[in-house]
Amino acid sequence: MLGFMASEQPALQQEGVLELAVIVPVLNEVGNIRKMVDALGETLGAINWEVIFVDDGSTDGTIAEIDTLALCHRHVRAIKRYNRKGLASAVVDGAMSTAAPVVAVIDGDMQHDERHLPAMYRAIAEDRSDMVIGTRYSGGGTADGFSATRLRGSLAVTRFTNVIMRTRCSDPMSGFFAIRRDRLVEVQPRLSGIGFKIMLDILVSSRQGFRVTEQPYDFRSRQSGDSKMSAKVLIDLFVFFIDKTAGRILPTRLILFLMVGTLGVLVHLAVLRAVLGLGHAFPVAQTMAVLVAIAFNFALNNMVTYASQRLRGWAMVKGLLSFYLVCGTGALANIGVGSLMFNSHSTWWLAGIAGGATGAIWNYAASSLLTWRMK
Ligand code: GDD
Ligand code: MN
């Protein structure tokens, strides 16, 4: 029988104060769940801990595996999300669901070395640090689990990040860290929550800064399953960088839209030159260039600027048509405003810029309403 009658309900039993929550984002990690729970049990023996797996719709039996363990281990909990929203937001949702004063985050594929968790926990519990970051790139940490190409990429992004984010972290891309929960709650409203890099997001979102310690560790190879690293993850990282820099001044979407538009101008010129080179008349070449550039802008905006509302299949065809309509109207507004300025004795280039800016803003506003809101 499920549950108890009111009269036979046992009194709440105190089980000791919860000290540490380990958040494990998972997506198709069925072969790693049990290993992870066993490894945590072995290493966290002296601490009152819980593990919270945050799943984003795994299809390989991960959820059933977690449930099986959760049924008989009071340490094990799960959050099952059904709209995949990505690693960063999975970690935040997990951290927001616990009462533990210290939160640690570790990948669910056994690549991070869980045996450092007790030391990381103690640094925070004993109030020596607000945040402890696992690092592969200093103090004896290693990244042998990476292929040569991935290592080169990771190091390049690490250097780039420290320059543009003004961080001084040996491993800003690390997905292995521990933090005081109250400090996380404090920065949570300012997080971008985009993509993979939640640790960095937290690190740069604090107004008063954190006392940070680094914990070197050996990044292991994946034991089972596949990496979720993909072009999408890299695009997300790019968007994250924009959001955390220029995004403080202008809406991130607008910046992305304008960047895509600038690339569109280059595509336009390239097509114009190619078609002229084939011996076609200018009006023909210019028309081709406009059509291709708009389609290019649509495709790139659909992938990057509106990644979260990405149109697929038929919706994409309808979207493209509506984008042509929006940009056509934008061109008329552009010509109208430009001519108006020119006629009221503005310099030609000022009139040109004013027209262009009007067109761009129109395209941005109208496409956000028509193209990417259309169902
Ligand atoms: N819930 C959820 N949702 N989990 C996800 C998602 C998602 O969309 N994508 C990936 N995960 C889980 C994976 O199942 C794994 O447990 C963990 O997040 C890391 O994903 P991997 O696919 O193994 O990433 P990686 O090994 O290429 O990169 C990781 O390690 C790097 C070094 O620490 C990530 O943590 C990177 O952020 C980190 O730089
Ligand atoms: Mn991994």
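# Questions on a predicted chain and its ligand

Visitor: How much accessible surface does the chain have, and what share belongs to carbon and sulfur atoms?
Guide: This is a predicted model. The accessible surface of the chain comes to about 19,700 Å². The share belonging to carbon and sulfur atoms is 62%.

Visitor: What share of the residues in the chain is buried?
Guide: The chain has 375 residues. A residue counts as buried under 20% relative accessible area. Buried residues make up 43%.

Visitor: How many helices and strands are in the chain?
Guide: The C-alpha trace spans about 85 × 50 × 40 Å along its principal axes. Among contacts between residues at least 6 apart in sequence, 75% join residues at least 24 apart. The chain holds 12 helices and seven strands.

Visitor: Which residues come nearest to ligand 1?
Guide: There are 28 residues around ligand 1. By class, they are 11 nonpolar, seven polar and 10 charged. Those that come nearest are Glu29, Asp56, Asp109, Met173 and Lys228.

Visitor: Which side chain has an N or O atom 2.8 Å from an oxygen atom of ligand 1?
Guide: Start with the backbone: a polar atom of valine 54 there is 3.0 Å from a nitrogen atom of ligand 1. Now the side chains: a polar atom of aspartate 107 lies 2.9 Å from an oxygen atom of the ligand. At 2.8 Å from a ligand oxygen atom is the side chain of glutamine 111.

Visitor: How much of the accessible area of ligand 1 does the protein cover?
Guide: On its own, ligand 1 has 740 Å² of accessible area. The protein covers 99%.
Visitor: Which elements give two or more residues to the shell around ligand 1?
Guide: One is a strand and one is a helix. They are strand E1 (20-26) and helix H3 (87-96).

Visitor: Is methionine 110 buried or exposed?
Guide: Methionine 110 sits in the loop between strand E4 (102-105) and helix H4 (117-125). Its phi is near 70°, a positive value in a residue other than glycine. The relative accessible area is 5%, under the 20% cut-off, so methionine 110 is buried.

Visitor: What is the relative accessible area of asparagine 28?
Guide: Asparagine 28 lies in the loop between E1 and helix H1 (33-43). Its phi is positive too, near 50°. Asparagine 28 is partly exposed, with a relative accessible area of 28%.

Visitor: Where does the side chain of threonine 161 find a polar atom at 2.6 Å?
Guide: Threonine 161 lies in helix H5 (residues 148-164). It is buried, because its relative accessible area is 0%. Its contacts beyond four places in sequence include Met173, Leu200 and Phe241. The atom 2.6 Å from a polar atom of its side chain is the backbone oxygen of valine 157.

Visitor: Which residues does valine 239 touch, not counting those up to four places away in sequence?
Guide: Valine 239 is in helix H8 (residues 231-244). It counts as buried because its relative accessibility is 11%. The residues it touches are Ile194, Thr252, Leu256 and Val304.

Visitor: How far apart in space are valine 239 and valine 275?
Guide: In sequence, they are 36 residues apart. In space, C-alpha to C-alpha, the distance is 33 Å.

Visitor: Which helices are among what covers the buried residues of H12?
Guide: Helix H12 (residues 348-370) has 23 residues and reaches 32 Å, close to the 33 Å expected. Its buried residues include Ala351, Gly355, Gly359 and Asn363. Residues three or four places apart in an α-helix point the same way, because there are 3.6 residues a turn. The cover includes helix H9 (252-277) and helix H11 (314-343).

Conventions:
Residues are numbered from 1 along each chain as its sequence is written. Chains are lettered from A and ligands numbered from 1 in the order in which they are written. This is a predicted model: local features need pLDDT of at least 70, side-chain atom pairs count only at pLDDT 80 or more; totals for chains, interfaces and linings use all residues. Side-chain values use heavy atoms; hydrogens and water are left out. A residue is near a molecule or strand if one of its heavy atoms lies within 4 Å of it. A polar contact is a pair of N or O atoms within 3.5 Å; within protein, one must be able to donate a hydrogen and the other to accept it, and residues adjacent in sequence count only if both atoms are side-chain atoms. Accessible areas come from the Shrake-Rupley method with a 1.4 Å probe; for residues, only the protein chains shown count as cover. Helices (H or I, at least four residues) and strands (E, at least two) are DSSP runs, numbered from the N terminus. Ala, Val, Leu, Ile, Met, Phe, Trp, Tyr, Cys and Pro count as nonpolar, Asp, Glu, Lys and Arg as charged, and the others, Gly among them, as polar. The expected span of a helix is 1.5 Å times one less than its number of residues. Buried means under 20% relative accessible area, exposed over 50%, partly exposed in between (1.4 Å probe, protein chains only). Contact means heavy atoms within 4.5 Å.
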